[in-house]
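Here are my notes on the structure you asked about. Please keep the sequence and the 3D view open while reading.

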Amino acid sequence: MSGFSLDNYVDVAERNWKFYELNPDGRIVASLPQIVTIGDRTFIAVTAKVYRTPDDPRPCVGTAWEPFPGQTPYTRDSEMMNAETSAVGRALALAGIEARRSIASRDEVQSRQHQPAAPAEDTVSAADKARADVCFDRLKMLGAEDRKAVKKFAGEHDQKITRGALRSDPDWRAQVDELLDQLKAARADSETADLPSSGAEDSAPDEDGSDAAIHGSVNSDAPSGDEVPS
């Protein structure tokens, strides 16, 4: 940013000293930190109140949310303290203490230096995500041989068989769906070829008396996580 300098900001300690110089009977109170979650992001929230007199009916209030975990060298492992300092600094600025140039304090601005940019907005549609989830559920139902075929296919395309990979790349999900259709068709052809041609053998029970299942058993042990088991 052209002309940017931390020298244009006042730190919280200076605001704090100035406040008590002007309001010797005043007090500054910070709330206990609260954990706030928005989407997949987590913040530590602190609210500070500045009372100019012991019975100030309208204290100035400032709130700060600090990302957790901290994303800069200034905030990592001290997220709660930074949230409290920022909240106090903003409350003091709203009380008119050293707020000529900015409500934000030097501490608050410095903590944002070198912070990585926010990730790009998710452009995958809800419909594509739903299709990916269906595809992933199909993968979890595969038998051992078909799983090997899918993993080999993924290796040949340098791709991953995870829910996230299928969601983030609709083209890859379409390729996997096509492979699953091919495996299903091949399995059906193989089972049809193995069926007896005619006669009583069609309904002959197994030696244990139960009817033999044509299809392989459903893999009920497949985990419900985001990766297809080996």
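1. Basis. This is a predicted model, in which local features need pLDDT of at least 70 and side-chain atom pairs count only at pLDDT 80 or more, while totals for chains, interfaces and linings use all residues. Residues are numbered from 1 along each chain as its sequence is written, and side-chain values use heavy atoms, with hydrogens and water left out.

2. Overall make-up. The chain has seven helices and four strands. Helices (H or I, at least four residues) and strands (E, at least two) are DSSP runs, numbered from the N terminus. Read from the N terminus, the order is α-β-β-β-β-α-α-α-α-α-α.

3. Surface and contacts. The accessible surface of the chain is about 14,900 Å², and 50% of this belongs to carbon and sulfur atoms. Such areas come from the Shrake-Rupley method with a 1.4 Å probe; for residues, only the protein chains shown count as cover. Of the 230 residues in the chain, 33% are buried. Buried means under 20% relative accessible area, exposed means over 50%, and partly exposed lies in between (1.4 Å probe, protein chains only). A contact means heavy atoms within 4.5 Å. Among contacts with a separation of 6 or more, 61% are between residues 24 or more positions apart.

4. Strand pairing. Two strands pair if DSSP finds at least two bridges between them. Which strands are joined to β3? Strand β1 (residues 27–30) runs antiparallel to β3 (residues 41–51), with four bridges; Val29 has Lys49 as its bridge partner in β3. Strand β2 (residues 34–38) is also antiparallel to β3, with five bridges, and Gln34 stands opposite Ala45. Nine bridges join β3 to β4, again antiparallel. On that side, Ala45 stands opposite Trp65 in β4.

5. The hairpin. β2 and β3 form a hairpin with two residues between them. Gly39, in the turn, has a positive phi of about 60°.

6. Backbone exceptions. Most residues other than glycine have a negative phi, and most peptide bonds are trans. Where does this chain depart from that? Phe68 and Pro69 are joined by a cis peptide bond, with omega about 0°. Pro69 lies in the loop between β4 (60–68) and α2 (79–94). Asp77 is found in the loop between β4 and α2, and has a positive phi of about 70° although it is not a glycine. Asp158 is not a glycine either, and has a positive phi of about 55°; Asp158 sits in the loop between α5 (144–156) and α6 (163–168). Asp77 is exposed, at 69% relative accessible area, and Asp158 is exposed, at 71%.

7. Glu84. This residue is in helix α2. Is Glu84 buried, exposed or partly exposed? Glu84 counts as partly exposed, because its relative accessibility is 34%. The C-alpha atoms of Glu84 and Val46 are separated by 5.6 Å, although the two residues are 38 apart along the chain. Leaving aside neighbours within four places in sequence, Glu84 is in contact with Ala30 and Val46.

8. Cysteines. How many disulfides does the structure hold? There are zero disulfides, a disulfide being a pair of cysteine sulfur atoms within 2.5 Å. Cys60 counts as buried, at 12% relative accessibility. Cys135 also counts as buried, at 0%.
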